[in-house]
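The sequence and structure come first.

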Amino acid sequence: MQFTFPCKRKRCYNKNFSFTPFPSCENRDRVQGRFTGLSVEIIDFGGAKSLYDNGCFGKGSKSRGGPASRDEDETLLLGMEESCFLAYYLEILDIKSPTGALMDFQMFFKAAIELNERFVENLACYLYLKSKNWVIKSGIKFGGDFLVYKQSPSLYHASFLVIVQTSSDLDYYKSKNLKGVQRVAETSDKDVLLLTVHQPKVIAKPEDLQETRVTETIVRRFNYLTFVQSKQQ
C-alpha cells in the first residue's frame with residue numbers, strides 16, 4: 001500500500017495567496033530582534049511583516065497566527081529554533097540580549113540550551129525539516145515538539161506532529177505514551193513523525209550541525225478496512 005501523508009487544505013477565501021518560503025535577502029537589511037529570555041521579539045512592524053509573510057516565521061503577541069490585531073504594540077515572537085535559523089544560517093536577523101548587546105552564535109546557543117536542554121536536537125530537526133521546505137510551528141499544543149505544514153498554516157492544516165528524540169533515549173516515548181500522542185494526532189487528522197538525532201559531540205559554530213544525522217519514522221495505526229478497500233480498487 002502506497003503511503004500518502006495528509007495535506008488537508010483549509011476552507012478559506014484567500015485563494016490567490018502567494019507563498020514564499022524565505023524572507024528576501026537581496027538588500028541585506030537585517031531585521032532587529034531582542035531576546036526576552038523565552039523567545040526573540042521583533043518590534044519593528046516592517047521586519048515582523050516580512051518574516052511572517054515570507055515563510056510564516058513567528059507568531060503575533062496578540063494574535064493566533066501572524067500579527068493581525070492591528071494594535072500598535074503587537075510584536076512578532078520567534079521561537080528559539082527559528083531565531084537561530086534566521087540569524088546564523090540565513091543571516092538576516094540580528095539578536096540582541098536584554099542588555100542590548102549583540103549576541104553571536106555561541107552566546108545565543110548557550111542561552112538556548114539553558115532554556116531547553118534538548119535545544120541541539122530540536123535545532124537539528126528544525127533544519128532537517130526546513131531543508132524539505134516545510135513550514136514549522138510549535139507542537140506543544142498537541143503534546144509534541146513541532147507541527148509541520150505545507151506552505152502556510154492559513155491555507156493547510158498540519159500534516160505531521162513531530163516528536164524529537166536521540167539515539168540514546170529511544171525509550172523516551174514508550175509504546176503507551178506514543179499511543180496516546182498518536183491518538184491525539186489522529187483526532188486532528190495528522191500522522192506522528194518520530195525524528196531520531198545522532199549528534200556530534202561539540203557544536204561550536206553553525207556549520208558543525210552538518211555532521212548531525214537525522215532519521216525519520218512515521219507512526220500510523222494500521223486500518224484494515226482502508227487497506228482492503230485500496231486493494232479492491
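In what follows, Ala, Val, Leu, Ile, Met, Phe, Trp, Tyr, Cys and Pro count as nonpolar, Asp, Glu, Lys and Arg as charged, and the others, Gly among them, as polar. The model is predicted, so local features need pLDDT of at least 70 and side-chain atom pairs count only at pLDDT 80 or more, while totals for chains, interfaces and linings use all residues. Residues are numbered from 1 along each chain as its sequence is written, and side-chain values use heavy atoms, without hydrogens or water.

**Pockets**

A pocket is found on a 1 Å grid over the protein atoms alone, as an open set of points where a 1.4 Å probe fits, with protein on both sides within 12 Å along at least five of seven lines; lining residues have an atom within 4 Å of a point. Grid points are joined across faces, edges and corners, and the volume is the space filled by probe spheres set on the points.

| Pocket | Volume | Lining | Classes in the lining |
|---|---|---|---|
| Largest | About 1,400 Å³ | 41 residues | 18 nonpolar, 12 polar, 11 charged |

Lys59, Lys137, Ser138, Ile140 and Leu147 lie nearest the centre of the largest pocket. Helices (H or I, at least four residues) and strands (E, at least two) are DSSP runs, numbered from the N terminus. Among those that each supply at least two residues of the lining of the largest pocket are α3 (105-115), α4 (119-130) and β6 (135-138).

**Tyr89**

Tyr89 sits in the loop between α2 and β5 (93-96). Its relative accessible area is 27%, which means partly exposed (buried is under 20%, exposed over 50%, partly exposed in between, with a 1.4 Å probe and protein chains only). Beyond residues up to four places away in sequence, Tyr89 touches Cys84, Leu127, Pro206 and Leu209, where contact means heavy atoms within 4.5 Å. A polar atom of the Tyr89 side chain lies 2.9 Å from the backbone oxygen of Pro206.

**Nonpolar core**

A nonpolar core is a set of buried Ala, Val, Leu, Ile, Met, Phe, Trp, Tyr and Cys residues joined through side-chain atoms within 4.5 Å. The largest one has 60 residues, and Ile42, Leu51, Leu78, Ile95, Phe108 and Leu129 have the most contacts inside it. Helix α4 contributes the largest share of this core, nine residues.

Technical notes
Polar contact = N/O pair within 3.5 Å; in protein donor to acceptor, adjacent residues only side chain to side chain.
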